[in-house]
Amino acid sequence: MVASWKNGALVAAVTLAVAAAVCAGVAASSKFDGVVQPSWANDHVVYEDDLLKLRLDSSSGGGFASKNKFLYGKATADLKLVPRDSAGVVTAFYLSSAGEKHNEFDFEFLGNVTGEPYLVQTNLYIDGVGNREQRIDLWFDPTADFHTYSVLWNPSQVVFLVDDTPIRVYENKTATRGHHHHHPNSTATPSSAGIAFPSPQPMAVYSSIWNADDWATRGGLVKTDWSHAPFVATFRDVSVEGCVWAANATDSDAGEVARCTGTSWGKEGRYWWKEKDMQELSVHQSHQLVWARAHHLVYDYCVDTGRFPVQPPECAGR
C-alpha cells in the first residue's frame, strides 16, 4: 500500500505537467513546470538539468508554490538538504490554505553545524492556530542523498511520512468510520470532545529556504556562517495527487467542497487517498510509527508542560 502511494503521486505529477503544457500550448521546459512555479526571489529558484534548487545567500532565500490548489490528497518531495555547515538555515516543504483561519501542515528542516544531525520539525495549523510542533532526528544523513518527504491528507487523518515511514499522525476523532484501532503514538484521544481537525479548505503546496538563525539551531545560539553561502536545497521531484480545486472557484465554494469530500470519485478519477484503507495506518505502518517515535522523537509539544501547563485536548493520555 505504501509503494502505491508514491507511485500514484509520481504518476499524478507527470499527468499534471502534461496537462498544463497542453493547455498552455507550449512544451514544458522542466519536469517541474506543470506542478510548481517560483513564488518569491525567482533568481534564487534555479533549474539545473532535471533538478530544482532553492538557494539562500546573504541577500535572499527563495521559494516555490504549486500551480493548483487541492482539497485532500498527497504531496511529496524528493529532497536533498543543504550539506555541510547549515546552522541557522531552514528549508520548508508544506501545505497551506489562505486567510486568517488557514490550515497548514509543515515539514521544516532545521540546519545544523557540520557533523551534527538535522532536526525535522513538523507542525499543524488548524483554523489559524499552530503551536503543535514535534521534532525528530533522522536515521540517515539527509544531505548525502535524496529522500522522500510526504504529507497525506484526507477527511480521516493527516500523516507525515519520511521515505514512506510515518513519523506523525493527526487523526480526525469525529470522522465516521468503520472498524478503527487507536494508534498509541498518534496525536489523538479516545474522545472527540474539543479536538480540532482541519476543516475542508483548499491548500497549495509550498517550499522555501530562509535564514532563521534567531531560533533554528540550538534555540538561536548558533548563527548562520555566511562564508559557507550559498546554501542550496535540491529537489529531484515534487508531486501532488489530490482533488484539484477549480481555478475559478472561491476557497469557500460549497460545490467544490462537496465534490472533493462527498465521494471517492471525481473528474480526476479515483480518489485513492479517501479509500477505506487510507482512513488509518496499516498494522505495519503503526509499527513503523512506534519505532520512529521511540528512537527518533526529540521534542513533543504534548509533553511540554512549560509551554502548556494544561495539556492540549488532542494530547490527553500521552
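The largest cavity of this predicted model is lined by F70, Y72, G73, K74, A75, L95, W153, M203, V205, V240 and E241. Strands β5 and β14 are the elements that each give two or more residues to this lining, and β5 supplies the largest share, with five residues. A cavity is, on a 1 Å grid over the protein atoms alone, a set of points where a 1.4 Å probe fits but cannot get out, whereas a pocket is an open set with protein on both sides within 12 Å along at least five of seven lines; lining residues have an atom within 4 Å of a point. The space in the largest cavity comes to about 60 Å³, and the structure holds one cavity of 30 Å³ or more. Such a volume is the space filled by probe spheres set on the grid points, which are joined across faces, edges and corners. By class, eight of the lining residues are nonpolar, one is polar and two are charged, where Ala, Val, Leu, Ile, Met, Phe, Trp, Tyr, Cys and Pro count as nonpolar, Asp, Glu, Lys and Arg as charged, and the others, Gly among them, as polar.

Because the model is predicted, local features need pLDDT of at least 70 and side-chain atom pairs count only at pLDDT 80 or more, while totals for chains, interfaces and linings use all residues. Residues are numbered from 1 along each chain as its sequence is written, and side-chain values use heavy atoms, with hydrogens and water left out.

Strand β5 spans residues 70-80, and ten of its eleven residues are buried. Buried means under 20% relative accessible area, exposed over 50%, and partly exposed in between, with a 1.4 Å probe and protein chains only. Helices (H or I, at least four residues) and strands (E, at least two) are DSSP runs numbered from the N terminus, and two strands pair if DSSP finds at least two bridges between them. Strand β5 runs antiparallel to β14 (residues 231-244), to which ten bridges join it, and D78 has D237 as its bridge partner in β14. With β10 (residues 147-153), β5 also pairs in the antiparallel sense, over seven bridges; there the bridge partner of T76 is S150.

Strand β14 also contains V232, which counts as buried at 18% relative accessibility. The C-alpha atom of V232 is separated by 9.6 Å from that of G61, although the two residues are 171 residues apart along the chain.

## Disulfides

The structure holds two disulfides, a disulfide being a pair of cysteine sulfur atoms within 2.5 Å. With bonded cysteines counted along the chain, they follow the pattern 1-2, 3-4.

C302 and C315 lie in the segment after β17 (297-300), 13 residues apart. C302 is buried, with a relative accessible area of 5%, and C315 counts as buried at 0% relative accessibility.

## Loops and backbone geometry

The loop between β13 (204-211) and β14 contains P230, which a cis peptide bond joins to A229, with omega at about 0°. R218 has its place in the loop between β13 and β14; its phi is near 50°, a positive value in a residue other than glycine, and at 61% relative accessibility R218 counts as exposed. A positive phi, of about 45°, is found for A41, which is not a glycine. A41 lies in the loop between β1 (36-40) and β2 (45-48) and counts as partly exposed at 22% relative accessibility.

In the loop between β6 (89-96) and β7 (104-110) lies N103, which is buried, with a relative accessible area of 0%. A polar atom of the N103 side chain lies 2.9 Å from the backbone nitrogen of D127.

About 180 Å³ of space lies in the second largest pocket. Of the 14 residues that line this pocket, E116, P117, Y118, D141 and T143 are the closest to its centre.

Methods: Polar contact = N/O pair within 3.5 Å; in protein donor to acceptor, adjacent residues only side chain to side chain.
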